[in-house]
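Please view the sequence and the model together before reading on.

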Amino acid sequence: MRPLTMIHTSDWHLGRTFYEKDRYPEHEKFLQWLFEKIQEHGAELLVVSGDLFDTASPSNRSLQLYSDFLCKVTAETSCQIVIVAGNHDSPSYLSALRNVFRRVKVHITGTAARPDRIQEEVFTLKDLAGQALAVVAAVPYLREGDIRRSAEGEAVDDRDALFYAGVQRHYERVTSAARSARTLAGDVPMILMGHLFTAGSRLSQRRASDDFYVGALGLVSPAIFSLDFDYVALGHLHIAQAVAGTETIRYSGAPLIFDFPKEPVACSCALVRFGGQQTEVEQLKIPIFQKIVSIFGTWPQLENQLDALIADGTPVWLEVLYTGTEPMPDLSTRVLERTGGTCVEPLRINFRQTCTPSVAADPVRKSLKDFTVFDVFEQVLQKTNYSDDDKKMLRDLYIQSITAVQNADTNAK
């Protein structure tokens, strides 16, 4: 097999904020770091497996970061880039720039190809000498409208099964097209890209309240990935991990931490080397560009942790969780007074549910930004007298409705 060095990344979410703090400085540092790693390792291919942007209508600054990075890599290195759209991206926006960027060897799949044009998702990349470099099957995030049309009165379970079957057929078609392309290209690496949620994968960067959403419509078995592929580069989940214990089927994970971690989180990209006896995969640890910490405990315990963070001197965004049983209505005041003028910036101050009901109702406890739309729906649902079966039906319908809104491509027209 032709030797090839590749870097796999995903889920940049350019433009995302963190408790109203913008993250452009972190993204700028990450992209510079990624550029340096491409140079350091002599990477000939960079694959970005979806969610480059955080919204379907990215800000001008997000677009500038994106385009500047692509131009810098293609102008100053021989590295080619393949990109697929994620569920946060606008398929039409990425597709609109497809032909422009192809001239500088950036290959983009924004919109899912129709069955009779599935070859549009397969790229045979060539080096500067015109020799085949790799075959990349680049499958974007598959929306239900890309796969099938719902029928009136269709049961939720039937809908999920039919969607999964449609996803499986799409991957079978693109796999067949990739095999044909490699037959023509010769013994070169064959790589699959996708943006989806595979069964059994970990959700460490996500809050538990989001798990039922991610695991709803769109859950697929890793069995849909053909063993003919030398590497499967996935996006959608923000924690770096191998799928089903297979090192060559991987989520690269996000480059930044997107929630207060309940345990240490190491962000990384995957460095992949083809051409030897087997494909070698190495995780490249991404530096922490902004320290984000969650502390919890009684007030004396919180005081000690706050003092340690202040003494350390590293700028930190902080979550404070009070777990004591004594009422503490002035928790926010205490924390802010202790951290004022220091390197520690509290962004979230909260109580854990160990206090009495009267304390739990304290308005300091929660603000709306502490809840997702799913949290709010679930709390309202639990106050009803509906049966468990009715609650499940309503929950599924709500998830489908929110998913449809979130997946709508506002740039399609």
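The model is predicted. Its chain has 413 residues, with a secondary structure of 12 helices and 19 strands.

**The chain as a whole**

- Of the 413 residues, 51% count as buried.
- Among contacts in the chain with a separation of 6 or more, 70% are between residues 24 or more positions apart.

**Asp 11**

- Asp 11 is located in the loop that runs between β1 (4-9) and β2 (17-18).
- The phi angle of Asp 11 is near 55 degrees, which is a positive value in a residue other than glycine.
- Asp 11 has a relative accessible area of 0%, and it counts as buried because that value is under 20%.

**Asp 51**

- Asp 51 belongs to the loop between β4 (45-49) and α2 (60-76).
- For Asp 51, phi is likewise positive, near 55 degrees, in a residue that is not glycine.
- The relative accessible area of Asp 51 is 1%; this value is under 20%, so Asp 51 is buried.

**Background to the phi values**

- Most residues other than glycine have a negative phi.
- Against that background, Asp 11 has a positive phi, and Asp 51 has a positive phi.

How values were computed: Residues numbered from 1 in each chain as written. Predicted model: local features only at pLDDT ≥ 70, side-chain atom pairs only at ≥ 80, totals over all residues. Heavy atoms only, no water. Helix = DSSP H or I, 4+ residues; strand = E, 2+ residues; numbered from the N terminus. Buried < 20%, exposed > 50% of the residue type's maximum accessible area, 1.4 Å probe, protein only. Contact = heavy atoms within 4.5 Å.
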